[in-house]
Amino acid sequence: MIQDTKKTPITVARGDGIGPEIMDATLKILEAAGAQLDIEEIEIGEAVYKSGVANGIADSSWDSLNRTKIFLKAPITTPQGGGFKSLNVTIRKQCSLYANVRPCVAYAPYVKTHHPKMNLVIVRENEEDLYGGIEYRQSQDVMASLKIISRPGCERISRYAFEYARANGRKKVTCMSKDNIMKISDGLFHKVFDEIGAEYPDIEQDHMIIDIGTAKVAAHPEMFDVIVTGNLYGDIISDVAAEVTGSVGLGGSANIGSDFAMFEAVHGSAPDIAGQGIANPSGLLLGAVQMLVHIGQGEVAAKIHNAWLKTIEDGIHTGDIYREDQSAEKVGTNGMCEAIIERLGQTPTTLAVIDYSSVPSGGLKLPPLKPRVEVPKERVGVDIGINWNGSADDLAEKINECINDNLKLHMISNRGTKVWPDGKEGTFCADNWRMRFMSDNGEHIKTSQVLSLMNRMNEAHLNFTKSVMLHNYDGVPGFTVAQGE
Ligand code: NAD
């Protein structure tokens, strides 16, 4: 095959439900606008899942993705039931797509919204947090999910948010976390945001606790410009923000990594309206616009975006945004597609005209991560988990019989709350307990001390489930105290 070197190779998947209809419309518009693309198609989604591929994408499809590294993806239907893995999470993780970028814009008065001035972008960390899928059944009654937050992960996402703001003429970046509760993991996210932010004095920056931040996005979204946040918070807040703009059918989304990038609509495969030709193609089209900007075809991207804005302004609306008093014509997917193509070359008259000329060609290039600075680390204790159905006092008595080697039982907690010593009567206890052992003479703890303690606990028929070593880093505890400790 002779490849046209002017064209950028991309991989396209038509997906499920309304996916094929909206992808068809999107590709027609891209072609009519003069996008220079060499398209390879792959199959993903329901049919692939049902053929026995647990993550919905066959190995052979990876050949195309590994070659093009750019993926325009229609929504898919995730089959119900166990045994299936999320295709989106698989692709995000395997391609290291660390940033999910979702612009959420109001198009008032043309699309009904309570917040006509809303124009914000959510930059969501896409790889870490509770989405690592590291979960345990710690006992019969207690389940746990591990939240993983790394310094490089925080640095990359904060840096991306600031670079995005600079490249797109945005003035402010707001970090959202829950560091008042998760002082170590979310504390790092906030701290690294401040460190990286110091390199961007031209951009206003602040931090909000995620709960009040989400409330403000719902009630006063015009306060925000760029929001950077963790994976779970970002997942929730970006749906809140998309809904507040007026329709989930309007949102596009980019998933960005250092080598790969994936572009899609915010919404799902909408099986309730599939095959009827009435779906709004705008979300996927705006995802494709983000793709064109990313691959250095910003001029074509702006041409499509402005034609789309003009179509919205002219009141050519699909059913999800149609309003008798405001819209001029109710159209289906094809009608919307044709209206946009007719307006290529035009710009909106009241909505802001889009210009991507300041965005660097080929996507944002981040500088390398800051060099790692080694910090002194001392082992000062160990937490050991135990399954136990008795009282805290009985457990402490049994444990104290196992202790020697300068380790002392410092406290016992249940579901994060201290229950020994001096537990509060009435604290509900489940069947999994955490015991904290610390050195009783200020000396550091050796692995052999921990192993011999566990050995004695084993001989005493104590059913331990996990152990976590406790360290100080540069003299600062790398662990939290229990509630009430
Ligand atoms: P959905 O986003 O598909 O639909 C929610 C509602 O919005 C429906 O009433 C639907 O008709 C409407 N809607 C969505 N997109 C629209 C559009 N372009 N035009 C007009 N109306 C639109 O969410 P759901 O019903 O919860 O999920 C359906 C399927 O999609 C599920 O299998 C889910 O797992 C999957 N899903 C896939 C992705 C993805 O592939 N990225 C994302 C979310 C959900």
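Because the model is predicted, local features need pLDDT of at least 70 and side-chain atom pairs count only at pLDDT 80 or more, while totals for chains, interfaces and linings use all residues. Residues are numbered from 1 along each chain as its sequence is written, and side-chain values use heavy atoms, with hydrogens and water left out.

The protein chain is split into domain 1 (1-92 + 245-355), domain 2 (114-241) and domain 3 (377-477); these bounds come from an automatic or database domain assignment. Between the C-alpha centres of domain 2 and domain 3 the distance is 34 Å.

Where domain 2 meets domain 3, five residues of domain 2 are in contact with six residues of domain 3, contact meaning heavy atoms within 4.5 Å. The two domains bury about 490 Å² between them, 47% of it from carbon and sulfur atoms. Buried area here is the accessible area (1.4 Å probe) that two parts lose on being put together, summed over both. On the domain 2 side, Gln138, Ser139 and Val142 supply 74% of the area buried against domain 3, more than any other three residues.

Five residue pairs, both members at pLDDT 80 or more, are in polar contact across the interface of domain 2 and domain 3. A polar contact is a pair of N or O atoms within 3.5 Å; within protein, one must be able to donate a hydrogen and the other to accept it, and residues adjacent in sequence count only if both atoms are side-chain atoms.

Turning to the ligand, 19 residues lie around it, and Ile76, Gly268, Ala270, Asp272 and Asn280 come nearest; a residue is near if one of its heavy atoms lies within 4 Å. An oxygen atom of the ligand is 2.7 Å from a polar backbone atom of Gly268. For Ser269, the distance from a polar backbone atom to a ligand oxygen atom is 3.0 Å.
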